[in-house]
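The structure is shown first.

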Amino acid sequence: MSLTRQEVEKIAHLARLSISEQEMPIYVSSLSSIVDFVAELARADTGNVAPMAHPLVGLHQRLRGDVVTETDQHERYQANAPSVQAALYVVPRVIE
Amino acid sequence: MLHTLSIGALSDLLGRREVSSVELTRHFLARIERHDAALNSLITTTADQALAAAADADRRLQRGETGPLLGIPLIHKDIFCTEGVRTSCGSRMLDNFVAPYDATVVERLRSAGGVMLGKANMDEFAMGSSNETSYYGPVKNPWDISKVPGGSSGGSAAATAARLAPYATGTDTGGSIRQPAALTGITGIKPTYGRVSRYGIVAFASSLDQAGVFARSAADAATVLQAMAGFDPRDSTSVDVPVPDYAASLAQPLKGLKIGLLAEFFDGLEARNVALIEAALAVYRSLGAETVDVSLPHLPLSVPTYYVVAPAECSSNLSRFDGVRFGYRCADPKDLMDLYKRSRGEGFGPEVKRRIMTGTYVLSAGYFDAYYLKAQKARQLITDEFRAAFTQVDLLLGPTTPTPAFAIGAKVDDPITMYLNDIYTIGANLAGLPGLSMPCGSIDGLPMGLQLIGPHFAEARVLNAAHQYQLATDWHLQTPRGYE
């Protein structure tokens, strides 16, 4: 099954990725071959098999107590942000 | 020749004050200075911090403190967060990211007295099998610098093989420790899923990612894994199972050990690779092990299963890179959508974008059942088959890779061919099993790896079997020319 350019453009939009004109044909062809490759899975008889949730039998996601364990470290974490003002992350205007 | 010594031998020298950690650290920093321009195995060298940490280790030794890793230098893959030191993950996206905290692995090795020399080059976000997707350029294989070192932990492998550090950390999502260990002639272990904390490791595919070790022998790897392994409440999938004493079981005789040979691993394997495995089996038989033929009929579906599950998790994990809170931001965004799309489009390299899009596709409406759900069912089938095999055998043995290291540039234009490098390693990740690769000979003058896979939490047995092989052979002692 081959993906069309329109399909790849839609995927790129969903993934919030800008793809240049020059890159687009490369993704159309490589993603098509990957989709063909993984389509091999259709051959597997998985009739009664439940989808795997955890590789270790009997283990499940642990929950922690609902208690405050984090202290306020916003200055430290925001030191890595591209743009911060008054402890807020700055982005282009969203509401006109 | 400090760089030729094992971790145990270095630790003895430090303990007897015949060498100081500062001297040892200077020795390895000098080797990095001399060799790394050609290898490109490090993204960041942290000489000043290393010398300070070494001085601290010397004070601890002076006070009479002991420990197998106290004062021993190491290199961390640049996927582990290191407080105050850039943690790039091989990506332009994180080129400016200075981690605000340490990964649990980093913290544990530091408290054990480890001295970090720097951060190793890697495939971008650990996505690659050749270390060619790094924003910082490809890593060269010390056995032949026209060849790849494997990936994604290619820098950690090349640096350990070139004796730029006694050991290095890595992560393995589909073979990223075992495959580069094989291609560079060293020992690499990926523990059971959940054995080592993932806290502070930049996430790629959370149900598969596991941290491990590159070293020059199974005995050294056992020493390092001992310090890394164990329960961590900060990783929700960390497993609270006691860590056995790995060093204590290394000497156990292998008499009666049942080694399983997977039919699917030998189907289509090149004759020279088969001959290496046969030679290794002869060694194991001489040590008293028995071999048993086993089959995992669904194992051939590992690679397609992986290339649905891993990209799906990657597309979800990498959605956090939005150009807002940390990481790369594009210049002059015209609106928020433009900011997201161009920051991600410019910050991620081609392979990462390919995987994000693959994952987005298999999770999207209309395709979820056919791809993602189907892959998770296939994953369960493969895992059940492994589990059944381990009721008959103690370990599985096979090749690590189909071929030795290939030329830089040879496979970059063909993702599927590149993905098939991991054909023998991916199964252990899907089933969460511990796996180890160690050198077992060479093809065309390049090292080849032998892979051992054990049941869940059987790292001690895997390390024991590898150590016994290394006592009987000397493949692991071979050093690439120019790095002796």
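## Helix H1 of chain A against helix H13 of chain B

Within what distance do the axes of helix H1 of chain A and helix H13 of chain B come, and at roughly what angle do they cross? In this predicted model, the axes of H1(A), residues 5-14, and H13(B), residues 350-363, come within 9 Å and cross at roughly 100 degrees. Angles of 65 to 115 degrees count as roughly perpendicular, and H1(A) and H13(B) are therefore roughly perpendicular to each other. On the H1(A) side, the contact is made by Ile11(A), Ala12(A) and Leu14(A). H13(B) contributes Met357(B), Thr360(B) and Tyr361(B). By class, this contact has five nonpolar residues, one polar residue and no charged residues.

Which residues of H1(A) are buried? They are Val8(A), Ile11(A) and Ala12(A). These residues cover an arc of only 100 degrees around the axis, which puts them on the same side of H1(A). The buried residues of H1(A) pack against H2 of chain A together with H13 of chain B. Just after H1(A), Arg16(A) takes a positive phi of about 55 degrees.

## The side of chain A that touches chain B

Across the two chains, 38 residues of chain A are in contact with 52 residues of chain B. On the chain A side, the elements that give two or more residues are H1, helix H2 (24-38) and helix H3 (74-78). H2(A) gives the most, with eight residues. By class, this side of chain A has 28 nonpolar, six polar and four charged residues.

The axes of helix H11 (residues 302-317) of chain B and H13(B) come within 7 Å and cross at roughly 100 degrees. From H11(B), the contact takes in Val308(B), Pro311(B), Ala312(B), Cys314(B) and Ser315(B). From H13(B), the contact takes in Arg355(B), Ile356(B), Thr358(B), Gly359(B), Thr360(B), Val362(B) and Leu363(B). The residues of this contact divide into seven nonpolar, four polar and one charged.

Helix H12 of chain B, residues 336-347, has 12 residues, which at 1.5 Å a residue should span 16 Å. Its end C-alpha atoms are 16 Å apart, in agreement with that value. The buried residues of H12(B) are Leu339(B), Tyr340(B), Lys341(B), Arg342(B), Ser343(B), Arg344(B) and Gly347(B).

## Backbone exceptions in chain B

Most residues other than glycine have a negative phi, and most peptide bonds are trans. The peptide bond from Gly151(B) to Ser152(B) is cis, with omega near 5 degrees. Ser152(B) sits in the loop between strand E3 (115-120) and helix H5 (154-161) of chain B. Asn131(B) lies in the loop between E3 and H5 as well, and its phi is near 60 degrees, a positive value in a residue other than glycine.

Is Asn131(B) buried or exposed? Asn131(B) counts as buried because it has 35 C-beta neighbours inside 10 Å, and the cut-off for buried is 20 or more. Arg163(B), in the loop between H5 and strand E4 (168-171) of chain B, has a positive phi of about 60 degrees although it is not a glycine. With 21 other C-beta atoms within 10 Å, Arg163(B) is buried.

## Two exposed residues of chain B

Ala251(B) lies in the loop between helix H8 (246-249) and strand E7 (258-262) of chain B. Ala251(B) has 11 other C-beta atoms within 10 Å and is therefore exposed, the cut-off being 12 or fewer. Ala251(B) and Ala219(B), 32 residues apart in sequence, are 9.9 Å apart in space, C-alpha to C-alpha.

Asp369(B) is in helix H14 (residues 369-389) of chain B. Asp369(B) is exposed, with 9 other C-beta atoms within 10 Å. Asp413(B) is 44 residues from Asp369(B) along the chain, and the C-alpha atoms of the two are separated by 30 Å.

Key. Residues are numbered from 1 along each chain as its sequence is written. Chains are lettered from A and ligands numbered from 1 in the order in which they are written. This is a predicted model: local features need pLDDT of at least 70, side-chain atom pairs count only at pLDDT 80 or more; totals for chains, interfaces and linings use all residues. Axes are lines fitted to C-alpha atoms, for helices over the stretch in contact, and angles run from 0 to 180 degrees between N-to-C directions. Helices (H or I, at least four residues) and strands (E, at least two) are DSSP runs, numbered from the N terminus. Angles under 35 degrees count as roughly parallel, over 145 as roughly antiparallel, 65 to 115 as roughly perpendicular and the rest as oblique. Two residues are in contact if their C-beta atoms, placed from the backbone, lie within 7 Å. Ala, Val, Leu, Ile, Met, Phe, Trp, Tyr, Cys and Pro count as nonpolar, Asp, Glu, Lys and Arg as charged, and the others, Gly among them, as polar. The arc is that of the directions from the helix axis to the C-beta atoms. The expected span of a helix is 1.5 Å times one less than its number of residues.
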